[in-house]
Amino acid sequence: MLKFGVKSVILGSAVYYTIDKGVWKDSSTTSKLYEELEEGVSPYVGELKKQIPYELPPLPSNDRMTYLFKYYWNSGVKATFRFLIDLPTHATNAASKSYEFINSVIEPVDPASRQDNEK
């Protein structure tokens, strides 16, 4: 419960701060705020880039990105429709297994054994 409270306070403070600074106002106010932020942070970012010898790999070419996007999109569409095609079969199998399980758990009450227990 304490973690939730701390997270809520941090989130509330962030929202209040962004509203107070004008992030959610018109675009000119937001762009001024961005410029101020960039001016304030840029000296530190330059120093940080010098200290960390890390270079980002080049982005894939546009043709490669297009191919990958189409490939994964089509894979997702195919998997979705494969699931929808097999859904009646899976639903039938699940229903029959559930029915069999419930029948195996619930044993029919034999009236003869019931009378023996009462005596």
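Helices (H or I, at least four residues) and strands (E, at least two) are taken here as DSSP runs, numbered from the N terminus. The model is a predicted one, in which local features need pLDDT of at least 70 and side-chain atom pairs count only at pLDDT 80 or more, while totals for chains, interfaces and linings use all residues. Residues are numbered from 1 along each chain as its sequence is written, and side-chain values use heavy atoms, with hydrogens and water left out.

By that assignment the chain has four helices and zero strands, in the order α-α-α-α from the N terminus on. Of its 119 residues, 1% are buried, where buried means under 20% relative accessible area, exposed over 50%, and partly exposed in between (1.4 Å probe, protein chains only). The accessible surface of the chain amounts to about 11,700 Å², and 64% of this belongs to carbon and sulfur atoms; the areas come from the Shrake-Rupley method with a 1.4 Å probe, and for residues only the protein chains shown count as cover.

Helix α3 covers residues 62–105. Its 44 residues reach 60 Å from the first C-alpha to the last, close to the 64 Å expected at 1.5 Å a residue, the expected span being 1.5 Å times one less than the number of residues. At Asp86, α3 bends by about 45 degrees, and a proline, Pro88, follows within four residues; the bend is the angle between axes fitted to the seven residues ending at a position and the seven starting there.

The aromatic rings come next. Rings of Phe, Tyr and Trp (its six-membered ring) pair if their centres lie within 6.5 Å, with planes under 30 degrees apart counted as stacked, over 60 as edge-to-face and the rest as tilted. Three aromatic pairs are found by this rule. One of them joins Phe69 and Trp73, which are stacked at 6.1 Å centre to centre with 25 degrees between the planes. Both residues lie in helix α3, four residues apart, or about one turn of the helix, and both are exposed. Tyr71 and Tyr72 have ring centres 5.1 Å apart and planes at 75 degrees, so this pair is edge-to-face. Tyr72 is exposed, with a relative accessible area of 56%, whereas Tyr71, at 44% relative accessibility, counts as partly exposed. Ring pairs link Tyr67, Tyr71 and Tyr72 into a cluster.

Tyr71 also takes part through its backbone: the side chain of Ser75 reaches the backbone oxygen of Tyr71 at 2.9 Å. Ser75 is itself placed in helix α3 and, at 32% relative accessibility, counts as partly exposed.

Notes: A polar contact is a pair of N or O atoms within 3.5 Å; within protein, one must be able to donate a hydrogen and the other to accept it, and residues adjacent in sequence count only if both atoms are side-chain atoms.
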